[in-house]
Each structure stands twice: as structure tokens, then as C-alpha cells.
There are 2 protein chains.
Amino acid sequence: MALAGAAIALLYSVVLIFNIRRQDPGTPKMVEIATSVRQGANAFLRREYTVIGPVAVVIAVLIYVFIDLPQKTNGATTVGFMLGAFLSALAGYVGMAITVRTSSRTAQAARKGLGNALTTAFHGGGVMGMAVVGFGLLAVSAFYLSYESLIISKPVVIAGLGFGASVIAMFMRVSGGIYTKAADVGADLVGKTEVGIPEDDPRNPAVIADNVGDNVGDCAGMGADVYESFVVTSIAVLILAALITAKAAASLSPNTEASAFGSLTSIITSNQLLVYPLLLGASGIIASILGGFYIRKGIKKDPMGSLNIALIISAVIAGAIDIVISSYLFKGSYLGYSLFASAVVGIVVVVAIERVADYFTSYRYPPVRSIAEASQTGPSTNFLAGFSVGLQSTAPSAVVLVLAILISYYIGYYAAPSSLPDSSRILVGIYSTAIAAMAELSLTGMIMSIDSFGPITDNANGIVEMAGLESSVREVTDELDAVGNTTKATTKAFAIMSAALAAVAIFFAFQSEVNNQITASTSLMAKYGLLPGQTLTFSLGDPLVLVGLFIGSLLPFFFSSFLIQAVGRAAIKMVNEVRRQFKEIPGIMEGTGKPDYAKAVDISTTAALKELAKPASLAIVTPLVVGFALGPLALGGLLIGSVVSGVFLAFMMTNGGAAWDNAKKYIELGNLGGKGTPVHAAAVMGDTVGDPFKDTAGPSINSLIKVLNTISIVFITAIVMYALFV
Amino acid sequence: MALAGAAIALLYSVVLIFNIRRQDPGTPKMVEIATSVRQGANAFLRREYTVIGPVAVVIAVLIYVFIDLPQKTNGATTVGFMLGAFLSALAGYVGMAITVRTSSRTAQAARKGLGNALTTAFHGGGVMGMAVVGFGLLAVSAFYLSYESLIISKPVVIAGLGFGASVIAMFMRVSGGIYTKAADVGADLVGKTEVGIPEDDPRNPAVIADNVGDNVGDCAGMGADVYESFVVTSIAVLILAALITAKAAASLSPNTEASAFGSLTSIITSNQLLVYPLLLGASGIIASILGGFYIRKGIKKDPMGSLNIALIISAVIAGAIDIVISSYLFKGSYLGYSLFASAVVGIVVVVAIERVADYFTSYRYPPVRSIAEASQTGPSTNFLAGFSVGLQSTAPSAVVLVLAILISYYIGYYAAPSSLPDSSRILVGIYSTAIAAMAELSLTGMIMSIDSFGPITDNANGIVEMAGLESSVREVTDELDAVGNTTKATTKAFAIMSAALAAVAIFFAFQSEVNNQITASTSLMAKYGLLPGQTLTFSLGDPLVLVGLFIGSLLPFFFSSFLIQAVGRAAIKMVNEVRRQFKEIPGIMEGTGKPDYAKAVDISTTAALKELAKPASLAIVTPLVVGFALGPLALGGLLIGSVVSGVFLAFMMTNGGAAWDNAKKYIELGNLGGKGTPVHAAAVMGDTVGDPFKDTAGPSINSLIKVLNTISIVFITAIVMYALFV
């Protein structure tokens, strides 16, 4: 049934692709521009895949030699890694391939009216959404079906799948993020600030690179990222489910606790807990497709409102399907309804976090207006205001996160019979939290459809400008672009939240697996100084755990520094190149000389691939070094440390960045003097600072957290065995 | 002997005061300026004390009613709170009172040569340093002597002292930080950026407010802050020592473990562990005084090098005294030499962290130069470069911190005989880490002497400028001012590091105390679901601990947002006022009209006191709400969460801020075009952004961490008893 869900998603995306390809791609000029953007994007992804492909192969070989061979798992981890990695790259590619084709069609549709453009862009996003969730569900279900018995006896083999997905997603996120912002910041700094030409002006030599960047960063990067969230969260739930099932089976056999499970016996022993999350994923696909039908050509105004309604329709449908699944699968038991309640928590999180992101990033509310007002006293006060709005947004986001964890955990904990051993009840509680995360992610199809809006309309806007279409078209695409800015911020908050919930679930899987291994071997028990019956506790009172927490908390800060520095460095190169072209190529400003777009594309491409090495190595090497040197306690601390600081740094950056962007847009609407004033200039500078925050560093922290988690789980057996200092 | 150390420190500071007062305060014009700065600073502190005095009294009453009365501790916690708070306020006041008097004398001494000015400024700083460490040691020793037996039976009573010190220090840090940066940013934005007049130009209406700010922020705020670090670290060590002593006494009585303590028996049972940290503090005072003699009037060049040599002399002398103390007190035992080794770790930390801060904040090295170069493409790239330098500096700082914790911990752990129960060995390990922190802080006298350099020379510089002294004098004070910038950054790193180490030590005291209480009562054992022999573990696998970690990690982000916003808001008011004065008061620019300095002073004062409420309430209320609602597990998570994210946010802000400042100075030396170019303008804007990072938000995070720690320890008994949800 889950495979059927994946098939439906992929099939529906094919339908949407045909639908879009049938549409009019516009005038020859529009097609020409779209083609050069597509070629730039394709060229970048090709170069990127030739760089990261060999790295992935090396990792796969290492996994095979050091993990699969000694553990006699028939290459399952390696197969999972390759499957996860391949589909991650494919999800990114499909997302990008369709958005570059949709943008000129959206521009063309905008000539017929808002509803047409809205529907075209939404369907383009839908392809991406369905591909992401379809590939995710396909990867997890196919792997599960292939290795079911192995997964139940040794749940961590599935982690290879997550590691493959996350390592490729990180590569694509980081390099795409650097590419897009190097081009964007470079284009803006000279174009808008120095020369005073508008966004997407064809006289700007970096304009094609900027549009390519939207596709390789916002589409390919985001596609791989959310695919990864889906896969990693699914495997976290599956590992927890397998652990519960194993524990139940063990405690059921001879002793008195059998009765405690009562009617749950059959449920827990027959793998329902493993099947449930996959069905939730499938239900979200159906819900997303149905909700999407609300977006029609007839819509005349308030595109944001329409998208919100479509999302709410999907959420309600998902809830309705989920209750049927829960009550059917768990045979009307209390546990089934409790898990359904947790799924509802996850769905509510989507709506709540969307409200928080909207409040801090939309110019209808005080935070963004305070940034606009601070621009009146120059760029410095604009920077400070935007930075503090970003910082401030962390608090309500934290409240949503903390409540989601507490409520979903206790729902599960109290759903497990109180006569069960506490360790089993805790596992059920954590499983329940993971179900909330899974339910949140089940709406990925819809969320991604809404999100991919942003880059599609951004590109459509660029094409309208560059092709010199009539200004009424620009009004339509401008309105959609503003909507896209808000939905992009929302999706990032969605991705961060899911990363945090998944990380919590994965930590528990990690902890259980460490103890399963140690307690199975008397020599390991001795190595870790444990007496019979004792287990390793990840206590804050243990200096190794504390040190791990410090190192983990450091990572998002240090990792971000590379990304921001990379964007800054590449942007400076771009600025110098654009300045040079304005100076050396005669007639650019008059429109008689043609800028050398290819040179700008090359600067972004080279920088993005070169700057990938350091942060990627940091994410992969640190957990291995900490694990093998300081042991599983420090590594566990590292995992939690990275998520507790990482989520807030990520929220700060993505919300702050979007707020800066919309403060600028608010001024451009004519407030506080409007375009061309020093106030506007200050706001443009703030937006430039916010760009790498929201599109490079902030979202990459998600990938960092997930890579740390998955690599730790994959190498856990070797780490427990060979850790030096425990 | 510790009291004698305190007496020596205070006596020496009186000697320095007389020494300074004897010196020539300069021309009548200089005296006039210094007087108006002094009056402004005094007026601010008076208004501040009338605001925070009543708050402190209310807190004292609450502590008496809810802590001392029910626990029958004879008002010890309340007395400690009041003593700690009073001396905190006094340390701030003394520091400020002497620096406002030293600055005009430093300016006058600068007319006689670099060595004279250096010595005067250094002695002014010395008063502050000696006062801070003298009051700190006085508070701790006096309280210890008054309540020795109570402290041994119930160590947490001493926490009141730390809470008093930290709550007042937080008030002074936050309000002083807002004051100084509102004035500074406001003055710079109009003066330097819009009107193009130099720093400290008397035509700038905010110039007096700016100079007052240096005194109330950098002197009074820093004085209270470091005094607090000293007190809080001391009490952390004392609590740990008392816990070890109590444990040893308990395990020594009837059972076989007595022999395990071997020759340590007498050591551990006769309070040497409690006395040792106080003696370390006293040794640092002697070392600081002796090292200070290196700074003489005859010094002709390289003031930074001379200060570094003085610091190293102090460090060596401190080490030499410490080894005598250790070997004498611990009778030549292995434990004594091990603890000495930990003290050396603490002293090495001072030097290591100084090197890290210097590398990232001095223009002799690549990081600051990269910011200067990024200024060539405008404020946005300058901002991104500075931000990423700040982020990057977190990594080496983390390495120093992690190594210091691991090395000092294992030194202590292995110094305790292996036949001891593991819990006792862990406590000795943590005690050893706390000793490293104490040794670090023992050099406070010297570090503060060097630090207070910054504001004194900054003010001296201002007086030179405003009084229109000859430009050769300005060269001397300029050179000293640049040195002051570096030493200020170093001291902040020193304070952050000590806060982190103290927080780790306090967490262990917290954990032990929670368990002591719970295990002493069968009803509490039942409430916390513990079986006989079990203790409460602060495990990462517990959702309450995790939730606490998230909330704790959030706090520094959210807290900073208020401070940065407050500075931004107040600076905007200041900018508008300065702009208004330039427009409305005729002849300001020509020097014929006199600006209304008092109005600017009033804006800063009002803003600083008004904006204090929210962040201060956040710091005080959050731990109580989390503690009473979610119990000690969540509160323990909160304490660790706040330190693991807080240190890196603080390092990022203080190092980044100083790097921005020195990037500007580097350009002002004539590099990349020098003053008056757009490159310089961009660097000035970056400096303006960095100001509230390095002088308001960054250092206030220290105070936040310590307030969270001390309030949690003070209320721990009530929280364990009445927590709702555990």
C-alpha cells in the first residue's frame, strides 16, 4: 500500500509534467532566456554530480568494507546508501528540470491572468513535491520490503539509506546555496546598489547566473533536503518500531509481563508499528493531490489565501485518512487512537510553525515593519533590527517544538500499559513523537508544491523583465513572487522543525542500539565499565557527554561560518567581475553592448564546488573522530548538542533573512519613501546580508544535523567496538 | 590567609587611588570635560541603583520567606544574597569612580610620554582589578568563616552569595551595555557617517553620553561581571568541596572504603579542599601586584608587548605560589600535585584564550584583514565577513574549553584512588575542573588592570580631542586606545571561558544537591519514581531533560534579541536627537553653537533603565517556571543547554564585534584607501553593528548563564519539593 502511494505520487507527477509541457512556453525571446537558464542549471548539476559522484562511491566502498562485511549484513547498508543517495540526486534533478521548464510557461500564463499563472506555477511545484515524497516513500518501502527480517533483527541497517540521502542532500544544499547567493548578492550589490538598475535587468552581467541559482539552490537543493527529511524521519520511526517490537517479543516469551501487553500483544508483534508510518506517508500523498485541486485557473485574487486553503484542505483530508488507518490497523485499540492523536499534533505543528514564520517574515506584522523603520537611520540599524527579529523568532518556534515533543511523547507513554517496564513505555513515547514528525512530513507533497512556487515565480519574473513583456504581466508575477517569498520562509521552518523532531527520534534509536550492542557482549560490558544489568546512560553528569554537547553545539556555528564566508568571497569575485564588465564592455548600460553572462555563471559554479569541501568534510569527519576517539557517550552528546543549538541558529537565519527581504519589499511598495531613497538603499543592503542567512547557511544546518545523525547510526557498531577513550 | 589576601588587594587599591589622585588632572578645560563625564556617570549609577535597589530588596525578602525560613538556615541565604549584591554594586561603582578620575590624568600624562600614560592608565585599571578580586575574595571568605559548619552540612546556602552577585551584575551589564552602545552607535551614525566629523568631536551632541557610556558599560559593567565570575566560581568550588568532604565522611565511618582514602583521609575530612580555592585566589592577588610592577614610566614603545610580559610574569608567579600552597596544604601528596596541575591548566587557558582572541580580533592577522577587504564591496559584504569571522572564532575557543574540561577532569579523577566509588572519583574530577576555573580567575587582578585600560584610554582620547590638545598627545593616546581594544576582547573571552567552566561545576553541584534531597526522603523517592538505591539521572534519553536543553539553548538567543533591539531602538532615538540638534541649533558645525549634551545623556539613561526589564525578567523567571512546572530534570537540562549554546553565541558576538572594530582601525591606518573613502564608510557601518554585539549582548550572555545557575541552586530545595510535573 505504501508502494502504491509512492507509485500514485510518481504517476501524478508524470501527469503534471505532461500537463505543463503542453503549455505555451511563450515568445521566442522568452524561450531563449529560459533555455540559457536551463543550460546553465544543467551544466552546474552535471559538474556537481561528477564531483560528488566519486565521493559517494568512495563512501559506499568504505561502508561495504567496514560496516557490511564485518557485520555480515549482505551489503544491506551499502545498498541502502546507494539507493538513498541516487534518489536524493534524482529528486533534486527532477525538481530543477521541471522548474526551469515551468518558469517561462508561468510567465506566458501570467499574460492570461493571475489564476492561470498561479495554477501553472503550482503544478510545476507539484511535480517537485510529488517526486520528493514519491521517491522518499519508494526508497523506504522498497528497502523495507527487501530487508524486512534483517531490519527487525538489526534495525540500524536501514540507516545507510538515510545516510545516503542526507550526504547527497547536504552536498546539494551547500553547493546550491553558495551558488545561488554568490550570484544573487553579486548581482544586487552592483546592479541595484551601485548602478541603480532593477532586479533581473538583462544589462546586469550576473542576471542569468542569478536565475540559474534560484533553480539549483531553491529547487534542486530544497528538493534533496526535504526528500532527505522524509527518508531520515521514516527510518527513525522504523528503527524505533523495530526496537519496540524486539523488546516486546523478548519480554513476552516466558514472564509475567505478557499480560501487560494485553490486546497489544498481537499489534506489537506483527509489525503494525513498522507499517503505520509508511501508511501515514501514503495518506499524505492522497491528501496533497486532493487539496491541490483547489488551485484553479479561475482564481482572481489573494493567491496566498488560496494556497493556505489548499493546505488546510490537505491537512483535514490527511487527518481523516489517518484516523481510518489508525483505527483499522490497530483494531480500534486505545494505542491506535493515541497514535492518531500524535499524528494530529504533527499536522498542527505544520500550521503553527507556518503562523510563526508568517508573523516574523511578512510585512503585515510589526517585526518586518520595525526593520523597514530602522532602515531610516541607515544600513547599520537595519542590520541590527533584522538580526534581532531573527533572534526573537526563535522563542515561539521553540515553544511549538517543545510542546510538540512533550505532548506527543506523553500521549505515547501513557498509551503504553503502565504495567510495562518503564524503558518500554519510554520507547513507545518516543515512537509517538516520531509519528508526529512523520505526520508533519506526510504533508510534504503539498508543502513542496507551495514552496517551489518561489523559485518558479522568481524565474518567471526574471523572464518577464528580460523579455520586456508588458507591465501588467509583471504585476501578476510580482504578486506571485511576494507570495513565494512567504511560502519559502514557511517551508524552511517546516524543514527545520522536522529535522529537530527526527534528530530526537534518531538519538533514541542511537542510544538503544549502543546499549543493545554493549549488553550483548561481556567484553564490551567490561570495556564500558558496566556491571551486569547496568546500561550506558547519556547523563549530563558525565564529562564525556558534556564535552560532546559542547562540540555538537559548536558545529552549526562553525559550519555556518564556512558557508557565509564562501558566499561573501564568491560574491566579492562576482562584484568585481560585474564592475569590470560595466567598465570594459562598451554600451552595456545603453543596452547596445551584450554582457558576458557565461563568465558570471562560471564564477558561481566554480565557487560553489570549491567551497563545498570544507563544510562537507567537517560534517562527515567530526562525528567519526569524536566517536572513535571519545566513544559513544561523547558522540551522543554531539548529536543532541548539534540539534539544540542548530535549530535556533537555523530559525534565526531563515526567519531573519526572509524578514530583511520583505522589509525591502515593504519599502518598495512605496512606504517610508519607496524605491530610490536612502531608506530603500539601506533595506537592499539588509536583504543582501539576509540572503546567505536564509538561503545558504540556515537551511544547510538541517542537512548538517541529519548527516551527523545518520553517519553516527551507520558507524555505531564499529564505534562501540573500537572507541579509544570511553 | 584568604582574608589577608583580600585585605592586601583592597589596601593596594587604596595605595593606587592615592597615587592617582596625586597626579596632575590637566588643564581647566580637561578638568571641566572630565567633570561632566563623571557627573553623567554618577547620575546614571544613582538612578540605576534606585531602580535595582528595591528589586534586590524584594528578592531578598522572597528568599528569606521561601528559602531561609522553611529550611531553618538562620537567614544565611538572605545574608549571602545581600552581601553578594552589595559588593557587586560596590565593585561596579569603585571601578567607575576611579576610571572617570584617571582618564584626564592619563591624557595629561600622555603629554609627558607613552610610559607615563601607560602607567597611569594601568594603575587606574589596577584599582578596579584589585577592588574586584578583593571584594570577591572578601565576600567568599567572610561568608565562609561566618557559616563554616552550615556550609559543610548544607553547601547550597552559599549559593545566595552567588545569586546576589550575579543578579546585580546582570542588571549592571545589561543596562550599562545598552547605555554605552545607544550613545556610541547614535554618535557614530550621525557624527562619522552623515556629518563626517571625527570620533569624540565636541561638536557632536552625543559625545559626552558616549564617554559616560564607556564608564558605565565597560568599567562598572565589566567590574560587576568579573566580580560575579570570581564569586560564582568560588562558590561552585566550595560546594563541590563540601560535597566531597561530606561523602568522604559518610563513607569513612564504618566500612572498608576507609583504607581507600589512605593518606587522603585527613586531607578530605579537615576541609583542605574548601580552603584551597580561597588560597589560590589570594595567590593570584600577590602575583598580580608583583607582575604589575613591570609596567613603568620608562617604557617607550610596544605597550601591548609590555602588558603581555606583565601578564606572563604574573602567571609564572601565580604558578610558583600555587605549587607551594598545594604541596604544603596537601602535605606533598599525589592529590596536591594533581590539583596543582589543574591550576596550571587554568593558567594556561588564560594564555591560550588570549591568543585565540588576539588572532581573530587583531589587524595583524588574516581574519580582520578579510573584513577590511570585504569593505571594498560595501557594508553588506563587510557585515557578512565580520559575522563569519565571529562564527569561525568559536571553533578554537571550543577546543580550548573542551581540552580544559577533559584534562582537568581526568587529572582529578585519576588522582582519587581507584578503590573509591566511581561517584566520588567523578566528584573529585569535577572539583579539579573547578580548580582550573578558579586558577584562571585568580589572575583577575592582572586581567582587569589590563582590561580597564580600554575605557580609560578611550576616555583619555576623548578628553584630548575635546580639549584640543596637541596632536602628538593624540598619537600617544591613540596607540594606547588600539591596545585597549585588543585587551578588551581578550578579557571578554576570559570572562566567557570562566563562565562556562563555572557553569559546568555548578551543574554538578546542582545534580548532587537534587539527589541528596530526594534520597533523604521516602516521599520524594516515590514522587520521582525512584526505587531504593536509585538516583535521578539527567539522561539525554529523558524527554524532560531534552526539553530543558532546548529551552536552555534558546535563552541566549532570545535574551540577546532584547538587548540588540534595545540598542537599535535607543540608537535610533539618539540619531534623531543628534540630527535635530545639528539642524535646529545654529552654529554647531562651526563650533559657535553649543550642543545640548544633557539631552543625549538623558536619552541613553532612560533607554538603558527601561529596556532592562524584559531581559532581566526572562533570566529570573524562566528557570523558576521551568523548575516548578517541569521539575529538576528539565531545569538541569536548561542549565546545560544555556551554557552550550551561550558560550558560542557570546564568543561569536564579542570576537566578531572586536574584529569589525579593528578592521575599521586597520583602514584608518591608511590601508585600502584610508579614512574618508567608501571603504572606510562601510567599515564604520560594520563597527556600528559590531558594537552592541561585543559590548551589550555578548558579555551579557555571561551574566545570563550565571544568573540561571545561581537562582536554580538557591531555589533547588523548593523546586524538588513542589515541582508539578516530574
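## A neighbouring pair in chain B

B:Glu354 and B:Arg355 form a salt bridge, with the closest N and O atoms 3.4 Å apart. A salt bridge here is a side-chain nitrogen of Lys or Arg within 4 Å of a carboxyl oxygen of Asp or Glu. B:Glu354 is buried at 7% relative accessibility. B:Arg355 is partly exposed at 37%. Buried means under 20% relative accessible area, exposed over 50%, and partly exposed in between, using a 1.4 Å probe and protein chains only.

## Basis of the values

This is a predicted model: local features need pLDDT of at least 70, side-chain atom pairs count only at pLDDT 80 or more, and totals for chains, interfaces and linings use all residues. Residues are numbered from 1 along each chain as its sequence is written, chains are lettered from A and ligands numbered from 1 in the order in which they are written, and side-chain values use heavy atoms, leaving out hydrogens and water.

Over all chains, the structure holds 56 salt bridges. One of them joins A:Lys488 to A:Asp218, at 3.5 Å between the closest N and O atoms. A:Lys488 lies in helix H17 (residues 471-519) and A:Asp218 in helix H7 (residues 207-252) of chain A, so the pair ties together parts 270 residues apart in sequence. Helices are DSSP runs of H or I, at least four residues, numbered from the N terminus. A:Lys488 is buried at 8%, and A:Asp218 is buried at 9%.

In chain B, B:Lys192 bridges to B:Asp188 at 3.8 Å. Both sit in helix H6 (residues 159-195), four residues apart, or about one helical turn. B:Lys192 and B:Asp188 are both buried.

## A network in chain A

Salt bridges also link residues into a network, among them A:Lys181, A:Asp184, A:Lys492, A:Asp661 and A:Asp695.

Notes:
Helices (H or I, at least four residues) and strands (E, at least two) are DSSP runs, numbered from the N terminus.
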